[in-house]
Amino acid sequence: MMLSNSSVFSLLLLILLSSSSAQPPFSKQNSFIQCLSYQSKASIPFSTTFFTPNSSAFTTVLNSTAQNLRYLVPSKPKPEFIFTPTHDSQVQNAVICSKQLGIHLRVRSGGHDYEGLSYVSQIETPFIVVDLAKLRSVNVDIQANSAWIQAGATIGEVYYRIAEKSRTHGFPAGLCTSLGVGGHITGGAYGTMMRKYGLAADNVLDARIIDVNGKILDRKTMGEDLFWAIRGGGGASFGIILWWKIKLVPVPSTVTVFTVSKTLEQGATKLLHRWQQVAATKLDKDLNIRVMIQPTVADSKSGKRTVTTLYQGQFLGGVKRLLNVMQTGFPELNLTIKDCTQTSWLKSVMYIAGYATGTPPQVLLQGKPTFKSYFKAKSDFVKDPIPETGLEGLWKRLLEETAPLIIWNPYGGVMSKISESALPFPHREVLFKIQYLTTWQAANENEAKHINWIRKLYNYMAPYVTKSPRQAYVNYRDLDLGINKKKNTSITEASAWGNRYFKGNFDRLIKIKTKVDPHNFFRHEQSIPPLALQARRTRN
């Protein structure tokens with residue numbers, strides 16, 4: 001009797017599983033390798049794609065793109081192994097083999113997850129990491145105003161490849177150029193052109209995703225529900241993104257950037273109060289002015305500190321029109337021509353990202369973070385200007401911490417004209433978003449002290465931000481909001497964080513998750529949970 005390929009594999013799998021139960025954990029690795037080899041049509045160079053803790057390169061690969069050093073300390077769980085596929089089919093086979101062998105899988109594209117969820121599992125061990133860093137093609141089609149970009153590419157690489165083909169095309173995505181596009185866009189992805197063109201996710205035309213069965217689906221075959229969910233519903237809940245097809249947007253050949261600094265002694269409080277009144281609602285949508293707020297040393301002799309506010313702007317146009325816009329909408333900043341630099345769109349992106357003037361754009365192709373640190377972050381959204389008394393209380397608390405940073409990003413423009421349910425990202429009708437950060441540089445520092453400080457600050461801000469729910473940005477993951485259980489998370493428990501990230505869209509995300517991944521194969525501490533079997537029967 002002839003056995004089919006599936007029957008042969010099932011028999012092989014039974015042998016592998018039975019042997020792995022009787023042998024040390026290393027046999028899981030062997031089983032995975034054998035499964036990959038069986039599934040693959042071409043041989044896989046395991047010596048350069050498969051890394052165990054015994055491999056000399058394991059730590060280097062694990063640390064390579066991890067942004068938050070808190071999750072690389074020895075006490076944090078480490079993967080059983082890291083697989084770095086070099087072809088889409090290898091990612092498919094990794095899903096198939098993980099599912100067949102019962103191995104918990106995490107997926108990393110850029111390593112920027114604020115709580116390290118793409119390379120650390122705190123609720124379920126053992127686990128493996130599939131790292132997409134070698135899948136970074138960017139295929140730009142200027143004639144079609146589009147590009148297919150692979151999940152392991154960084155947004156800086158995408159920007160570079162677009163500008164390589166055209167000085168008058170761009171893409172409205174993130175400010176940090178080492179962000180991996182695979183995860184970045186799944187959270188919505190905002191940038192300096194958000195007020196004119198919306199989010200990166202608003203400008204996605206198509207995608208290729210591997211589902212729970214190991215099939216590659218595009219927009220047509222996945223259907224509009226799943227296509228909606230992956231554009232803002234957060235990473236690693238519905239499958240593994242392989243490619244995005246993005247819509248390029250027009251940018252002028254001349255873009256103007258500027259930075260203006262104001263301390264408390266220079267009237268920062270009143271100026272920031274005014275910024276809240278105009279940045280989202282009164283200024284041209286070609287203009288984005290974010291505010292970076294942090295303590296600085298006011299007197300080097302005494303060590304006395306103050307709070308400095310940095311107004312950092314990008315304007316899609318020349319300096320002459322910018323000055324007219326500012327004189328009409330925000331004269332209080334006293335922006336002058338000396339504060340401004342006219343440049344290309346690509347170099348304006350590098351300016352906002354913090355690269356020194358004169359840095360060659362080719363540095364973007366390295367895909368490396370500009371900095372790494374130990375940090376904890378939180379986020380808020382604001383609908384009404386925070387009064388000056390509220391700001392003064394904020395300054396007092398900022399001066400209590402060693403190295404905090406707060407960033408305010410204005411909304412308005414096109415963002416306020418897009419429905420909250422257009423994508424899972426619901427934060428449309430707000431004035432601005434707040435990101436709170438506290439950072440430290442040594443592993444032996446008192447982590448609890450810094451985390452307690454940011455939690456107290458977050459509590460202080462409660463009266464001034466959105467309520468019912470108090471909204472948060474999913475790309476700034478915050479496990480303080482709630483954590484899923486290993487497999488059986490209740491919808492009620494998940495709503496603690498789900499409603500904050502997605503508001504009313506959370507219910508639709510749950511329904512889509514239940515349909516495409518009912519047994520919750522793709523899961524992490526804040527993944528979208530499926531309805532439990534009993535709940536499904538009740539709803540049906």
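Helix α14 (residues 388–398) lies across strands β13, β14 (305–315) and β17, running at about 145 degrees to β17. Helices (H or I, at least four residues) and strands (E, at least two) are DSSP runs, numbered from the N terminus. Angles run from 0 to 180 degrees between N-to-C directions, with axes fitted to C-alpha atoms, for helices over the stretch in contact; contact means heavy atoms within 4.5 Å. The model is predicted: local features need pLDDT of at least 70 and side-chain atom pairs count only at pLDDT 80 or more, while totals for chains, interfaces and linings use all residues. Residues are numbered from 1 along each chain as its sequence is written, and side-chain values use heavy atoms, with hydrogens and water left out.

Strands of a sheet pair through backbone hydrogen bonds, either parallel or antiparallel. Here, seven strands form an open sheet with antiparallel pairing, in the order β15-β12-β14-β13-β17-β18-β16. At its edges are β15 (340–343) and β16 (374–382), each of which pairs on one side only. From one strand to the next, the twist averages 15 degrees. Two strands count as paired if DSSP finds at least two bridges between them. Three bridges join β13 (residues 287–297) to the antiparallel β17 (residues 404–410), and V291 stands opposite W408 in β17.

Attention now turns to a loop. G174 lies between β7 (169–170) and α7 (181–184). This glycine counts as buried because its relative accessibility is 4%, buried meaning under 20% relative accessible area with a 1.4 Å probe, protein chains only. Leaving aside residues up to four places away in sequence, G174 touches I155, Y159, L179, H184 and Y190. The C-alpha atoms of G174 and P369 are separated by 13 Å, and the two residues are 195 residues apart along the chain.

Conventions
Buried < 20%, exposed > 50% of the residue type's maximum accessible area, 1.4 Å probe, protein only.
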